[in-house]
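Thanks, everyone. Have the model up on your screens, and follow along as I go from single residues out to the sheets and cores.

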Amino acid sequence: MMSIAKVSIGNADYYESRIGRSPEGYYTGEGDSPGTYFGQLAERLEAEGEASPGALERFLDGRHPLDGTPLNHRSTGTSSTSRIGGFDLTLSCPKDVSIAALLGPEEYRKLILDTFSDVAMETIDALELHAWTRQGSGGSIKAFTGELGGIAYIHTDSRAQDPNLHMHVIVANMQYVDGKWLTLDARPLYSMVKAHGMLFQAKLRAELARRLGVAFDDQTSDGQATVRGFPPELRELFSKRRSQVLTESQRRQDKYAGESGRELTGKAVTKVNAQAVLTTRAQKSDPVDLDVRQKAWAQEVQAAGFDLNKLYDCFGIFEPREPLNVEEIAAMAIGDLSASKPSWRHGEAMKPVLAQLPVISGDSSSEVADNLTRLTDRVLSDFSVIEGGQPYDVVGTDRDYPMRPHTTVSTILQEHQAIATVLNSERKGNGLLDRAAVSAEATEALGDGEQAAAVLNVATDGNGVSLIRAPAGSGKTRLCKTLASCYNNAGWSVVGLAPSAAAAEVLRQEAEIERSSTLTKLLVENDHEAGPMHPYRLDRSTVVILDEASLAATNDTAQLIDLAREAGSKLVLVGDDQQLQSVEAGGLFSVLCEHFDTNELTEVRRMTAQWEREASIGLRQGHTVALHQYMEHQRVHSGAADKLVQAAFERWDTARKTGRSLMVMARTNDRLDDFNQLARSHMRESGELRGSDVQIGKLAIAIGDEILTRRNARWIRTTSKRSVINGDRWEVTRIRPDGALDVTSMDGRGKATLPADYTTADDQISYAYGSTVHRAQGSTVDEAILLVDQAASRNLMYVGATRGRENNEIWLVDEDGTTRSNKETQDAADREVLYQILRRTDQEATGSEVVWARELGYEIDDDRIHQLLTQAGRLAIERKVHQIHGNLHKKGADAEAARAAVIEAQKELDEATKAVERSGTKLGASEKRLEVEEAQGIIGRFRGRHDIAAARTSVTKVTELRHSALTELESASSKLEDAQSTYDTALEITQQTTRREQAIVGSLKQRLALDDRGRRAAAAAGTQTTVGTDNQSGNGRGLNPAYRFRTAEEHRADMDAFYEQAHGYGRDGPYRGI
């Protein structure tokens, strides 16, 4: 794998402090490898071989590494140690290879180490082809240099001091163009890191197979593979965090007791716990000679009872290489790209190609690189791939700037089909309610403001699809509740949908929309060959509200739009396209809001302070003045990570003691680990955690711990008859011997037992003391603290800074660990980092933003008629579609069986309901007869006795039958509930494993349809098609790259003209032939 991180001048000492005493020291055991110069930029400076002490600092400061001569305007010799001087590209071996290189058979160690070093530098050489710098006003000119330079260091252990062979490649932030020294354009570098990390892995596997006969198991989607025959217990032994918090804390307490003769208590224990939390993660070990490390590792292996000689079994396995199917790899890569993102760049195109390659994809590392280049070019030149515009001037090369966006025809067609459907549904009378009645109800519930106006507009616009864009804290849940109430009161059915189960639960509980479910489930049900079950049927008297629409994948939203059109239902899309987006190809909600009339909410209601309401909107829009407001109100702070975590904990603890809610958020789970452990240590000392810690999966759990469930488990029901869903917070009340946990909801949803197979599975529970920003989206608390770093985006900062009602703070983690005072948090360096975050967005350009296809359609022109699928390519795609369909059928078997059980349970419930109704009717008749007989018995006392007794016996019998029917009804209802939970779970598991395949197969079918269309166009034109070449141009000919958003009025005029000009295309949709 490869990672990238910014390096300041102040970081130079860490790398240089690990240097060994000689160039041979790495192999002889004297420390780590000394730094060595690399790259063409270093050659330009005549810097070769081993780097001397101080060279890295000079390089990072923009000076000549040999003599310290200033090379650019940044070089002063006294520069700030926090300024970005370069980038650390870290190439890490797989755990198996690291262990084999450092503990494997002696005769193989050096060869593995040499192979690693060779392949790592080859990978950096490949990355040099993406070295650029910026020139001109605002960096509008992109100059290609093809030169990187710096110093590389090889290290052999992890922070936990486990075997971890890796190379730090420190790239200097310098480029040389036309006699001038400039800075590196880091954007292409960042965009290529993941792909080149996968390339490094593929190259390493090829060379280890060639040189040592190492075989590998199948690779994962991120390009990793384990060594075949490698003992998993040995891998596990060296894959732990060795110094856990409690162990370190106990060590410190024992040391104090041994030296002082007394034990630590009270606040002293809390302090030691805090130190243990921070040091076990953050501290970096001092340099230790390799032979010392190896002896310690060997002792650890021996203590675990493992024989290192078993590693011999991993070598000498020479197998024939699997051939490459070029057409299949290209088709699957394009399908994967279409499913993953609406637009993508060169580096992102390389990743699915690498993922589709065989685990050994070349006889040598150079052949792997050649295959990758050939296949990536094949993908980028495919007739279904469209290259966007390049708003830069490029100099120094005839190649494209690697940040140029690409998209696929299938992506554009999907977006534009949705646009056409929405356009065609305007003013068709969908969902029309009485204006006066809606106005009265909305005003009573929401007041006389924009929320009520939005409800009134949606209920009376007559559109098939209505749009509501609502910023964080604008009260969209109340709006949805009122909108649903208006339709319910008018006799309509309301269906609530959301991309996640947690958001669907909010619709059900807070918006009071009983028929709420995930968007995926409704789509799956309506796609079933037997038709949807009753709760998921749509008709002309149904209104569908999709909440968090910006989080929904484009494919799902487009399907829902089509489904609502076919059923004649009213569809309302509600969301905020400036918050976090879908993890799949998304952006359709944003496209629709830009093209059509949208109900915009602008009044933020969550925050108590008016300035913060206004500033949150400015933050959403990326205005720097909004950041100034947060700074002026002392809401922005910065400092070293450990100091900020400690301060955040103290604030959290104070709020907790006073009964207030304070949420601490971070971008990643790794950043939260320290905070969570600190919170646990304090709770342990205060007695809130009871009993010993028990290892449950990857977590140490005690009674009193607060945990988060991270996977839906609808078969687990609480005492309040609620399902366990992703994002629920719980307090642990009992730990069972098998690892099951008894828990109580912290959100008032009752009690439940989480079974062992749930709690011990990977990543299904986590501590709930802090939260990632993604999990926090949609939450509201009293106060919020966001720990933000340089890799954050505006969307993430906006979400994190809008969770609190009374106070929201942004705490900037200083990457180089420099401690600063409150006054210095406002300095230029911090502001520049925050400005960079504000300029960075998580939103990928949609296909429509990449290029503008001709009037909502994609037309194959004469040039493209000669650029169709080869026969081999078509057969490869058809074979892959058939194969994927078979896999989907197998994976869906459990869900299908669970669905059948739901249908059967529903039938039983219907029968039980009818039986109750019949028994009620009989009971009513019997009671009436008894009443009549008793009335007659007053007159004919002796004659009526017999009839009265018979009537009473009948009432008793019928009453017993009714009780029995009610019992059966309750049992049937419970059975249906259980069956639905089982179905939901099976469906979710199936969707998790098949969603990507479903999207890919959809893209593959679209390619076949385009090929059919092209062949028909060629036949109609009497042109002979040319197939059989791999060079299929895809530069977007026939498409206008000068794209701009167009207004709804322009679209209406364009569509009218389009229908008149396009023979055979009607208002029902312009894509019937595709």
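Serine 52 counts as partly exposed, at 34% relative accessibility. Partly exposed means between the cut-offs: buried is under 20% relative accessible area and exposed is over 50%, with a 1.4 Å probe and protein chains only. Serine 52 sits in the loop between helix H3 (40–44) and helix H4 (55–60). Helices here are DSSP runs of H or I, at least four residues; strands are runs of E, at least two; both are numbered from the N terminus. Threonine 36 is 16 residues from serine 52 along the chain, and their C-alpha atoms are separated by 8.8 Å.

A word on the ground rules. This is a predicted model, so local features need pLDDT of at least 70 and side-chain atom pairs count only at pLDDT 80 or more, while totals for chains, interfaces and linings use all residues. Residues are numbered from 1 along each chain as its sequence is written, and side-chain values use heavy atoms, with hydrogens and water left out.

Next, alanine 418. Buried or exposed? Buried, with a relative accessible area of 3%. Alanine 418 lies in helix H15 (residues 409–424). Not counting residues up to four places away in sequence, alanine 418 touches Ile561, Leu588 and Leu592. Contact means heavy atoms within 4.5 Å. Asparagine 555 is 137 residues from alanine 418 in sequence, yet 9.9 Å away in space, C-alpha to C-alpha.

Now the whole chain. There are 35 helices and 32 strands. Of the 1074 residues, 55% count as buried. Take contacts between residues at least 6 apart in sequence: 75% of them join residues at least 24 apart.

On to the cores. A nonpolar core is a set of buried Ala, Val, Leu, Ile, Met, Phe, Trp, Tyr and Cys residues joined through side-chain atoms within 4.5 Å. The largest has 78 residues, and those touching the most other members are Leu89, Ile112, Val169, Leu208, Phe216, Leu234 and Phe238. Which helix gives the largest share? Helix H7 (residues 186–212), with 14 residues. Domain 1 (2–230 + 288–314) and domain 2 (326–409) each supply at least three residues to this core; the bounds come from an automatic or database domain assignment. Look at phenylalanine 216. Setting aside neighbours within four places in sequence, phenylalanine 216 has contacts including Leu208, Val227, Val359 and Ile360. Another core lies apart, with 39 residues, among them Ala666, Met683, Ile707 and Ile716.

Last, the strands. Two strands pair if DSSP finds at least two bridges between them. Strand S31 (residues 781–788) is mostly covered, with 8 of its 8 residues buried. Strand S20 (residues 662–666) pairs with S31 in the parallel sense over 5 bridges. Leucine 662 has glutamate 783 in S31 as its bridge partner. S31 also pairs with strand S32 (residues 804–813), parallel, over 7 bridges. There, valine 788 stands opposite leucine 812.

Compare an open sheet of 5 strands, ordered S28-S27-S26-S23-S29, with antiparallel pairing. Its edge strands are S28 (751–754) and S29 (765–767), each pairing on one side only. Inside that sheet, strand S23 (residues 706–709) and strand S26 (residues 729–735) pair in the antiparallel sense over 3 bridges. Glutamate 706 has glutamate 731 in S26 as its bridge partner.

That's my tour. Over to you.
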